[in-house]
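Please follow the strands, helices and contacts of this structure in the order set out below, with the sequence and the model open side by side.

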Amino acid sequence: MSLLELTGVEKSFGAVQVLHGVDLTVDAGEVLGLVGDNGAGKSTLMKSITGVYSTDKGHVSFDGTDVTHLDPGERREMGIEMIYQDLALASQQDVANNIFLGREPTKRMFGLIPSFVDKKKIDRQAQEMLDQLGVHVPSVHIPVGMLSGGQQQTIAIARALTFKPKLVIMDEPTAALAVREVESVLKLIDQMRTEGIATILISHRLNDVFDACERIVVLRRGNVIADLKRDDTDMAEVVSYIVGAHG
Amino acid sequence: MLKLLERTHVRPESLAVLIGLAVVMAILSPVTGSGVRVFLTANNFFNIILASATFGILAIGATYVISAAGIDLSLGSVLGLASVSGAALVVTLEWPWYFAIIGSLGAGAAAGAVNGFIVTRGHVPAFIVTLGMLGVARGLALIISDGRGIYGLPPEILFLGQARPWGIPTPVFILIAVALVAHYILAHTPFGHHTLALGDNENSARATGINVRRQRMMLYTISGLMAGIAGLIFTARVNTGDPTAGLNYELLAITAAIIGGTNLFGGRGSILGTMIGALIMGVLQNGLNLMAVQAYYQQMAIGAVLIAAVWLDQIRTRGRSLQ
């Protein structure tokens, strides 16, 4: 059984229909590349998976449960994480707080007053997570906005990986990175695969997609028009699907 | 000391401004019969805190909404509505004394909830919603009270405004208690973390599963509740439910929050900083009063301080982003 299963997902914004009944499955530990032209509906599709958008029609099931009507927080609890292109980091908050945002561990102060954020625990675990990923930041106490683009990218990845996700969606994780940083992100995806974490990689950089993904899905005008195995296809074919020159 | 300020997100500058302003006011204030500067007497000290207590509590509400990148312009008017609502229940309808508390706090929270509801559900900018509420709440206060003060509250309520247990005015205790709880919530609970994150980057908050709509709704309700508490204290101090209470107080409250270090564009806010900001406004008002400066000029001074504070902040942040 697949980890993620989308059936007939439709989504419109006003009069504009963006998704026209998308079917898609992703298996556990699979690295799937999702490609398509600008406006093909990639981001909308991903936000339908994370729950940021509610779907008009169709179903999203995850890990054997229908999650169509769950909100983003609940889906995150189930193990769906997304790393946004703009990273969605809160730039004035510190590194550790960003990693634990929305899931702050709490304790009772003096054993009495409830829901006191356990800042010590946040700092310690954030540091552990960054060490594990081989990321170096000056301190977990500095505001995220003071870090470089590559460092911010890894903070966003650390946030996604801290809570043992089953599926991580990455929207253009390599677009703004230097060559060496791209390599470390791709290496990280491979490491996640060996740990059984499924990844959906959205990218315009077909090199990266062919490098990281065993399977490539092409989205065009809100429809899945190709579902290809990396080993049975090549870049020219994928490009022809993206621009609509195929068939 | 600096470390404590940093940990509580208080800017050292705001403390320096407070001390500097106090020194200036002390030097400029007249001398009493016994040769002491009026500004430095214990009585005057309590006057400052007593006056600051009302808009200090409003400023706590302002800190919550502003640090989440919102704004509440209705604070002063809601204070007035809360004042007459509590007094009307107890004086006009002759209900038991505690209905003054329920009425004031309830009216404040309700007005805040209406603000929050329209902002989150109607997607109307907070600036417009709360500006509208500024008119609606004041009008409603005048209607309820028929345009007159509702005079003569029971002693239990007067205690909240006029008593001096251990020589310290009750409103000071109330301010400290409210500020401590507000500080704890903003700095140390998930709710507080989410508030700052929401003001910092709404997408970030939404992406991490924070219920942005509920968060905003609660923030505006809290802001209204603060106006309710301030309204209750006002009523108790002057023994009157006053429909004109809190006129222009939103100016004082927002200024106190901003000079206390709250980021006007969200993402940063500290209750301790806001308390220092409120004291700065209190000292400024009090000092100008002692020097017998006309109220008209005071109004100008406070407005100028607000603009200057935001201007300086803009220069700072721009300098930082250019680095």
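In chain A, Ile83(A) has Met170(A) of strand S9 as its bridge partner. The model that shows this pairing is predicted, so that local features are given only where pLDDT is at least 70 and side-chain atom pairs count only at pLDDT 80 or more, while totals for chains, interfaces and linings use all residues. Residues are numbered from 1 along each chain as its sequence is written, and chains are lettered from A and ligands numbered from 1 in the order in which they are written.

The bridge between Ile83(A) and Met170(A) belongs to the pairing of S6(A) with strand S9 (residues 167–171) of chain A, which runs in the parallel sense over four bridges. Helices (H or I, at least four residues) and strands (E, at least two) are DSSP runs, numbered from the N terminus, and two strands pair if DSSP finds at least two bridges between them. Strands of a sheet pair through backbone hydrogen bonds, either parallel or antiparallel. S6(A) and S9(A) are part of an open sheet of six strands with mixed pairing, in the order S6-S9-S10-S3-S11-S12 (chain A). Strand S6 (80–83) and strand S12 (223–229) of chain A stand at its edges, each with a single partner strand, so one side of each has no neighbour in the sheet. From one strand to the next the twist averages 20°.

Two helices lie across this sheet. Helix H1 (residues 42–50) of chain A lies across strand S3 (31–35), S6, S9, strand S10 (198–202) and strand S11 (215–220) of chain A, and runs at about 150° to S9(A). H6(A) lies across S3, S9 and S10 of chain A, at about 150° to S10(A). For these angles, axes are lines fitted to C-alpha atoms, for helices over the stretch in contact, and the angles run from 0 to 180 degrees between N-to-C directions.

Chain A also holds an open sheet of four strands in the order S2-S1-S4-S5 (chain A), with antiparallel pairing. Its edge strands are strand S2 (16–26) and strand S5 (65–66) of chain A, each of which pairs on one side only. Strand S1 (residues 4–13) of chain A and S2(A) run antiparallel and are joined by eight bridges, and the bridge partner of Ser12(A) in S2(A) is Gln17(A).

By an automatic or database domain assignment, chain A is divided into domain 1 (1–79 + 165–247) and domain 2 (90–163). The centres of domain 1 of chain A and domain 2 of chain A, taken over C-alpha atoms, are separated by 27 Å. Ten residues of domain 1 of chain A are in contact with nine residues of domain 2 of chain A, where contact requires that the C-beta atoms of two residues, placed from the backbone, lie within 7 Å. Helix H6 (residues 179–194) of chain A gives the most to the side of domain 1 of chain A that touches domain 2 of chain A, with three residues. By class, that side of domain 1 of chain A has eight nonpolar, one polar and one charged residues; Ala, Val, Leu, Ile, Met, Phe, Trp, Tyr, Cys and Pro count as nonpolar, Asp, Glu, Lys and Arg as charged, and the others, Gly among them, as polar.

The next topic is the contact between the chains, which takes 18 residues from chain B and 21 residues from chain A. Helix H9 (190–200) and helix H10 (202–207) of chain B are the elements that give two or more residues to the side of chain B that touches chain A, and H9(B) gives the most, with five residues. By class, this side of chain B has five nonpolar, ten polar and three charged residues.

Within chain B, the axes of helix H8 (residues 170–188) of chain B and H9(B) come within 5 Å and cross at roughly 65°, which makes H8(B) roughly perpendicular to H9(B) (angles of 65 to 115 degrees count as roughly perpendicular, under 35 as roughly parallel, over 145 as roughly antiparallel and the rest as oblique). Here Ile185(B), Leu186(B), Ala187(B) and His188(B) in H8(B) meet Phe191(B), Gly192(B) and Thr195(B) in H9(B). The axes of helix H3 (residues 42–67) of chain B and helix H11 (residues 212–238) of chain B come within 8 Å and cross at roughly 180°, and H3(B) is therefore roughly antiparallel to H11(B). The residues of this contact divide into 15 nonpolar, three polar and no charged.
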